[in-house]
Amino acid sequence: MRKTILRVTSVFLTIALLIMAGVTAAADYKVKVVARNLEYPWSIAFLPNGELLVTERAGRLRMIRNGELIEYSVNEVPKVYVHGQGGLFDVLVDLDFQDNGRIFLSYAAGDRSSNALHVISARLKGATLYDVKNILTVTPDKNTPHHYGGRMAMMMDGTLLVTSGDGFDFREQAQSLDSLLGKVLRINTDGSIPHDNPFVGRSDARPEIFSYGNRNPQAILVSQNGIVWEHEHGPKGGDELNIINPGINYGWPAITYGMDYSGAFISPFTSAKGMRQPIIYWTPSIAPAGMMEYQGQAFPQWRGNLFVAALAEKTVRRLTLNGRAVVDQEIMFTELDARFRDVRVGPDGAIYLLTDSDSGIVYKVVPK
Amino acid sequence: MMKMIAFFLIAVVDAAILTSIVSTQLVLADVTSFGLTVSFGDRLQTTLHDLLGLAVPLLLLIGLCFLIAFFIARRAIRIVGGSRMIWYMAAGFMSVPAGIIVIKFFMGGTLLASARTPLGMLLVACCCMAGGWVYAYLTARFENRESADA
């Protein structure tokens with residue numbers, strides 16, 4: 001009897017120690033508030049001079065200087081269509097920003113009956129945009145305020161990847177090479193088409209298309225080793241993490257692990273020949289938003305991991321990779337009880353989190 | 001009164017079943033347009049699944065739309081006159097598409113995937129028109145008696 005009690009006690013102690021070790025590892029950071037009261041902050045970018053740019057979906061581009069949110073917003077941001085999921089989306093700093101001062105903004109433009117995702121390039125000087133140039137307009141336009149995509153990443157060759165959502169009511173167009181809806185697009189920073197895009201020269205396809213069959217891609221990044229990671233919202237279930245390769249069909253809506261919000265099938269198939277499977281998928285949906293690959297110095301134990309912000313799950317997921325496979329997932333920052341719109345690594349190795357709310361917060365995560 | 005409620009529910013269920021079956025076939029037509037083959041087994045399984053999956057939203061949508069539309073139709077029959085059958089069929093035909101359009105106005109998206117195209121909307125309207133016909137047929141004796149009493 002005594003032996004049994006000792007065994008049970010030792011098992012419990014071991015489990016408790018393991019849990020405590022896990023908690024210690026997970027909580028080996030502290031979270032600071034950088035800025036508050038942002039109206040649905042969507043994306044964050046870092047300038048070489050240490051300033052931060054934050055987009056608010058409401059249509060404003062804000063700056064954080066010396067750790068303080070500047071009261072006024074950047075001037076000359078184009079008129080944004082703010083409705084439903086529409087608004088100002090991503091901000092991306094050119095790799096050659098120090099030479100050309102250029103940034104890129106993605107946003108919804110138009111009105112209720114006709115709107116579309118746009119991308120501009122502009123030079124940022126002080127708190128004003130100059131030389132604003134539209135470099136991409138997704139066509140056809142649509143009459144829904146949903147599923148814009150709108151994330152951007154710069155490839156190592158200096159071309160720009162832009163995600164475009166399927167517009168919700170137009171999901172079949174994700175399979176159409178005539179349409180820019182439901183795609184990952186690739187353009188040069190002046191808006192021209194890279195000559196090595198996969199569908200260049202085909203009369204039945206738009207040359208901007210890099211990949212197709214994507215639903216509502218909410219993050220895209222080019223990893224240190226050149227892999228293009230993308231994730232996208234599924235419908236009810238079936239959020240996907242993909243590796244994007246040129247010319248590949250990712251299946252939406254012909255194949256999916258999700259169901260329609262109405263409860264109906266979107267497709268009875270989860271796989272098909274010629275359609276790429278996701279690396280992983282999340283059912284039930286976590287609603288993945290931003291994503292980053294951690295390569296900072298502040299948390300050396302997390303280097304090479306992907307961090308995925310999640311809106312519905314109110315977490316950030318840390319994905320441990322083995323090559324192109326996800327071998328582990330840790331759920332983080334539940335203590336903040338927030339819908340996370342974006343997660344980024346700063347030049348100092350700190351992790352920045354944006355919360356999705358009408359009084360959104362920019363958090364900075366640093367080692368204890 | 002209880003019979004009228006039962007007849008109303010029969011009409012709603014009838015329209016919901018038809019709408020669900022038609023919706024599934026339209027969605028599967030999209031799937032086949034992508035080059036995938038949908039076997040009879042897949043089709044049957046998907047149709048049966050959707051009958052359950054769509055049941056709650058369709059019953060709620062159609063129930064609410066029919067409630068308003070049939071009330072208006074009944075008033076119209078008394079005030080304007082004309083064929084009961086045509087009034088209720090027209091009410092069924094128009095009510096659910098109107099409901100879908102109103103929902104899209106507020107939510108920004110179409111609740112029922114099959115109703116995103118004009119053809120799909122027309123077929124959904126026809127399914128609901130059948131619901132209107134069922135209601136008119138089942139309630140004919142009662143409403144005619146009411147009219148005679150009045």
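Predicted model: local features only at pLDDT ≥ 70, side-chain atom pairs only at ≥ 80, totals over all residues.
Two residues count as in contact here if their C-beta atoms, placed from the backbone, lie within 7 Å.

**Chain A overall.** I found two helices and 24 strands in chain A. Its C-alpha trace spans about 80 × 55 × 35 Å along the principal axes. What radius of gyration does chain A have? I get 21 Å, which agrees with a compact globule of 368 residues, because such a globule would come out near 21 Å. Buried residues make up 49% of the 368 residues in chain A. I also checked chain A contacts between residues at least 6 apart in sequence: 55% of them join residues at least 24 apart.

**One sheet up close.** I picked an open sheet of four strands in chain A, with the order β10-β11-β12-β13 and antiparallel pairing. Which strands stand at the edges? They are β10 (149-154) and β13 (209-212) of chain A; each has a single partner strand, so one side of each is left without a neighbour in the sheet. Neighbouring strands of this sheet are turned by 20 degrees against each other on average, direction ignored.

In chain A, β11 (residues 160-164) pairs with β12 (residues 183-187) in the antiparallel sense, over five bridges. Looking across to β12(A), I see Leu185(A) opposite Val162(A).

Terms used:
Residues numbered from 1 in each chain as written. Chains lettered and ligands numbered in written order. Rg over C-alpha atoms; globule rule 2.2 N^0.38 Å. Buried ≥ 20, exposed ≤ 12 C-beta atoms within 10 Å, placed from the backbone. Pairing = 2+ DSSP bridges. Axes fitted to C-alpha atoms, helices over the stretch in contact; angles between N-to-C directions.
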